[in-house]
Amino acid sequence: MNKVLFAASECVPFIKTGGLADVCGALPKEFDKKYWDIRVVLPFYSCIPEHFRNQCEYVTHFYMSCGTYIQNKYVGIFRYEMDGIKYYFIDNQEYFNCVVPYGDIRYDIEKFIFFDKAVLSMLKQINFQPNIIHCHDWQTGFIPVYLRTEFQADMFYWGMKSIMTIHNLKFQGVWDKQTMMGLSGFPADLFTPDKLEFHKDANMLKGGLVYADYVTTVSDTYAGEIQTPYYGEGLDGLLRARHFDMQGIVNGIDYQVYNPATDPKIYVNYDASTFRKKKPVNKERLQEELGLAVDKKKFMIGLISRLTDQKGLDLINYVIDRIADDYTQFVVIGTGEPQYENMFRHYAWKYGDRISANICYSDELAHKLYAAADAFLMPSRFEPCGLTQLISFRYGTVPIVRSTGGLRDTVEPYNEYEHTGDGFAFTNYNGEEMLGIINYAKHIYFDCKKDWNKMIDRGMANDYSWNSSKHKYENLYNYLISQ
């Protein structure tokens, strides 16, 4: 039996701020339980919903120190089982009593260094010896470092391998060396340019990338992009050096959660054979709920996103007056930087019958929008993988994307001459070019409805379940275990 431990800062259904949580919630369930024992560990945040917290069972506790700044801290271990997967939670009120999982970066760095060492320390307490520890993003970056340094003195940890998965290279966990030393307990000789040092500071993600046995990221194109200075966020040199031990594996989505035929959150269920009649009903009902003009003939564009620079919202700001014409509606769901929240609020006030700004994250409203919209807009500056376009396909909603990272790998641009493609794409990070492709999509929608519906057929026939990606992870795990 092969044993793998997923270590992450978030995981559905317990806690979610982004796509990382979807991956850590969906992927472990895909493996055949006859051959794989996959478990997940995450912090026991106080903001995990009460009904989950109450059902977690106490396993044990112990006390642990990291560096001189983290001395003799309580580490509680709780366990919860669901869908045949064991979830472990690291408990410490001082660090994980919070309204949201992330806040002040200095404090986040301290609590995740504590978490990283606690994850490895926990393994002996629960007598679980994984072949592989699969670490996700900067919050778990010091696990491979601890594993290869301090924990190598104990035979229990010999032979354990680690994988570092980059979900978003922009966030790295960077702070000054002195503080990092005091928090982690790592000796000064680890804080050199070939190890943890980063522009005279120290970098948690870099530590993981240097010490992990293998590096993955969440799409093929992104794996190539991050080896260039433009996308590499200062780590492109290291990633080029590791390119033989690195690959991109596209994320999947949970096909049970996102299924328009059975989804309890949408107004009217439909599938590939009935979307022509039933999808417009979802549109009219959502228009009614959001106070937009009720008219199934309008072209409805959806956007569900963190409202940040990365997502190309400055391009939207540049052309939104021209997007929101008499025939078009634009529905936004998301939270983020105040400038973008206020931008969408302003346009919703200015064009009340055609723009709806929902500055919140509502899973229920998101499902309704996937089912109601005709197109989904993703003009990202960079996009490691992106899940929105994959969910859009599932609901017969056509993605309009910028051709970067995972968007380039998953959306095939429409070709009206060969009748191929399942979405629309533009290449340059440019507002006029984006508007041009939106207008082209509108032209196909209004003037070539048959072609539009065939594009939906192709999109709904795509398979972006975890099934194909799972095999790539299995092969990778088997390869590392056999080394």
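User: Before we look at any residue, how do I read "buried", "partly exposed" and "exposed" here?

Analyst: Buried means under 20% relative accessible area, exposed means over 50%, and partly exposed sits in between (1.4 Å probe, protein chains only). Take Cys-47: its relative accessible area is 22%, which makes this cysteine partly exposed. Keep in mind that this is a predicted model, where local features need pLDDT of at least 70 and side-chain atom pairs count only at pLDDT 80 or more, while totals for chains, interfaces and linings use all residues. Numbering starts from 1 along each chain as its sequence is written, and side-chain values use heavy atoms, with hydrogens and water left out.

User: How many disulfides does a search of the whole structure find?

Analyst: A disulfide is a covalent bond between the sulfur atoms of two cysteines. The cut-off is a pair of cysteine sulfur atoms within 2.5 Å. Here the search finds zero. For Cys-47, the nearest cysteine sulfur belongs to Cys-98 and is 4.0 Å away, so by the 2.5 Å cut-off Cys-47 is in no disulfide.

User: On to sheets. What is the strand order in the open sheet of three strands?

Analyst: Strands of a sheet pair through backbone hydrogen bonds, either parallel or antiparallel. Two strands count as paired if DSSP finds at least two bridges between them; helices (H or I, at least four residues) and strands (E, at least two) are DSSP runs numbered from the N terminus. This sheet has the order S8-S10-S9, with antiparallel pairing. Its edge strands, S8 (174-176) and S9 (197-198), each pair on one side only. S9 is joined to S10 (residues 201-203) by two bridges, and Phe-198 stands opposite Asp-201 in S10.

User: Which strands does helix H7 touch?

Analyst: Contact means heavy atoms within 4.5 Å. Angles run from 0 to 180 degrees between N-to-C directions, using axes fitted to C-alpha atoms, for helices over the stretch in contact. H7 (residues 204-211) packs on the sheet, touching S9 and S10, and its direction makes about 55 degrees with that of S10. Helix H6 (residues 177-184) lies across S8, S9 and S10, at about 100 degrees to S8.

User: And which residues have the most contacts inside the largest nonpolar core?

Analyst: In soluble globular proteins, nonpolar side chains tend to be buried together. A nonpolar core is a set of buried Ala, Val, Leu, Ile, Met, Phe, Trp, Tyr and Cys residues joined through side-chain atoms within 4.5 Å. The largest one has 98 residues, and Phe-14, Phe-89 and Leu-123 have the most contacts inside it. Helix H4 (residues 105-126) gives this core its largest share, eleven residues.
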